[in-house]
Amino acid sequence: MITIDQGEIAKLASLLGDGARRIVLVGHTNPDGDAIGAMLGWGEVLSARGHAVTCVVPNRYPSFLDWMEGIGQIMIFKENPDPVAEAIAGAEAIFSIDFNQVNRLEALGEVIVSNTSAVKVLIDHHLDPPITFDIIFSSTESSSTSYLVYNIVSRLYGLEVITRRVAEALYVGMMTDTGNFSFGNLTAGLFRAVADMVDRGINIPSINNRVYNSYSEGRMRLLGYVLGTKMKIIEPWQVAYITLDEEELRRFDFQMGDTEGFVNYPLTIKGMQMSAMFIENRRFIRVSLRSRGSVDVNIFARRYFDGGGHRNAAGGKSYDTMEQTVERFHKAVAEFFATDQ
Ligand SMILES: [Mn+2]
């Protein structure tokens with residue numbers, strides 16, 4: 001089990017204790033398996049207890065999650081802003097799921113900040129939570145927000161409320177945020193939680209198949225192009241990077257989520273310490289960073305790319321051109337590895 005503040009559990013219990021509440025669960029921009037899994041799992045537990053739950057995300061989730069039960073009920077702000085704003089305005093409690101900075105919500109953030117009446121609750125596992133929440137569950141020792149939700153639910157109501165559907169949602173989060181249980185804080189407690197999910201009736205091979213074997217042909221060819229042609233290595237530091245501009249994405253019929261995980265491939269080269277991916281969109285270049293062992297890309301992202309995350313997985317942004325961004329990256333790598341490593 002992970003450490004959870006009993007005082008926060010008590011506050012949550014009293015928030016949810018007396019009668020049905022109107023609750024909104026919010027996930028971050030480019031919602032991943034953990035954000036969606038934690039929202040659907042926690043949302044299902046709350047609904048079963050009579051609360052009126054609405055799940056909202058800033059933009060669409062990747063299609064490899066389409067099969068998840070209840071996912072069709074998630075409201076997408078970018079596609080349907082008015083009902084989302086309405087739900088937020090009417091909420092008595094708003095939960096931030098799998099992120100702790102409002103800037104992770106882009107335009108949806110303004111809608112939430114302007115609503116001041118709701119109780120704000122944080123459930124997240126990223127570093128440095130701000131104190132602008134009324135109730136805080138923030139655990140960097142938790143490998144996923146979904147695993148944190150499992151811990152909260154078992155403290156609050158016991159494992160009996162975890163139905164197969166809840167277990168399946170939480171398992172998807174635990175699985176995807178750890179690269180199918182291959183990195184992150186892989187504790188005995190996490191695997192005990194997985195065992196509990198199996199007890200609740202989940203089918204692991206079937207979930208694996210639905211999540212990992214669902215790529216389009218375009219995504220596979222884009223991956224081939226990226227690894228064959230676009231991957232560069234900065235030799236002295238064993239740092240790999242990949243750039244993709246909008247024209248290249250169009251050429252491979254890019255669908256939202258297609259580049260998910262690409263940044264991890266260079267790290268499978270023996271000795272590679274860090275991997276970066278730069279993807280251009282209309283407004284900026286999205287920077288994804290991954291590393292091995294003690295190389296801390298959370299620090300790197302904060303220092304050079306206005307971002308952050310975890311020690312071995314972080315992200316940021318650049319408003320420069322791709323050429324300038326790559327040049328800046330080279331300088332940053334040389335400085336970072338010369339001083340910190
Ligand atoms: Mn997460």
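**View 1. The interface of domain 1 and domain 2.** Between domain 1 and domain 2 an area of about 860 Å² is buried, and carbon and sulfur atoms give 52% of that area. On the side of domain 1, the residues that lose the most area to domain 2 are Asn30, Glu106 and Leu127, which together account for 43% of what that side buries. The model shown here is a predicted one, and the domain assignment of the chain gives domain 1 as residues 6–212 and domain 2 as residues 217–338. The C-alpha centres of domain 1 and domain 2 lie 27 Å apart, and the contact takes ten residues from domain 1 and eleven residues from domain 2.

**View 2. Charged and polar pairs across the interface.** Two salt bridges are found across the interface of domain 1 and domain 2, and the count of residue pairs in polar contact between domain 1 and domain 2 is also given as two. On the side of domain 1 that touches domain 2, the residues divide into three nonpolar, four polar and three charged. Elsewhere in this view, the side chains of Arg302 and Asp128 meet in a salt bridge, with a distance of 3.2 Å from N to O.

**View 3. The pair of Glu106 and Arg283.** The side chains of Glu106 and Arg283 meet in a salt bridge, with 3.6 Å from N to O. Because Glu106 lies in the loop between β4 (93–97) and α4 (107–113), while Arg283 lies in the loop between β9 (274–280) and β10 (285–291), the pair ties together parts that are 177 residues apart in sequence. Glu106 is partly exposed, with a relative accessible area of 33%, whereas Arg283 is exposed, with a relative accessible area of 56%.

View 4. A salt bridge of 2.8 Å, N to O, joins the side chains of Arg164 and Glu69. Arg164 lies in helix α6 (residues 164–177) and Glu69 in the loop between β2 (52–57) and β3 (75–76), so this pair ties together parts that are 95 residues apart in sequence. Arg164 counts as partly exposed at 35% relative accessibility, and Glu69 is likewise partly exposed, with a relative accessible area of 34%. Both residues belong to a network of salt bridges that links Glu44, Glu69, Arg164, Arg165, Glu168 and Arg210.

**View 5. The pair of Asp18 and Arg21.** In general, side chains of opposite charge can pair when their charged atoms come close. The side chains of Asp18 and Arg21 meet in a salt bridge, at 3.4 Å from N to O, and Asp18 is exposed, with a relative accessible area of 56%. The structure as a whole holds 17 salt bridges.

**View 6. The surroundings of Glu141.** Glu141 has its place in the loop between β6 (135–138) and α5 (145–156), and at 33% relative accessibility Glu141 counts as partly exposed. When its neighbours within four places in sequence are left aside, Glu141 is in contact with Ile2, Thr3 and Asn185. Glu141 and Gln73, by comparison, are 68 residues apart in sequence and 31 Å apart in space, taken from C-alpha to C-alpha.

Methods
Residues are numbered from 1 along each chain as its sequence is written. This is a predicted model: local features need pLDDT of at least 70, side-chain atom pairs count only at pLDDT 80 or more; totals for chains, interfaces and linings use all residues. Side-chain values use heavy atoms; hydrogens and water are left out. A salt bridge is a side-chain nitrogen of Lys or Arg within 4 Å of a carboxyl oxygen of Asp or Glu. Buried means under 20% relative accessible area, exposed over 50%, partly exposed in between (1.4 Å probe, protein chains only). Helices (H or I, at least four residues) and strands (E, at least two) are DSSP runs, numbered from the N terminus. Domain bounds come from an automatic or database domain assignment. Contact means heavy atoms within 4.5 Å. Buried area is the accessible area (1.4 Å probe) that two parts lose on being put together, summed over both. A polar contact is a pair of N or O atoms within 3.5 Å; within protein, one must be able to donate a hydrogen and the other to accept it, and residues adjacent in sequence count only if both atoms are side-chain atoms. Ala, Val, Leu, Ile, Met, Phe, Trp, Tyr, Cys and Pro count as nonpolar, Asp, Glu, Lys and Arg as charged, and the others, Gly among them, as polar.
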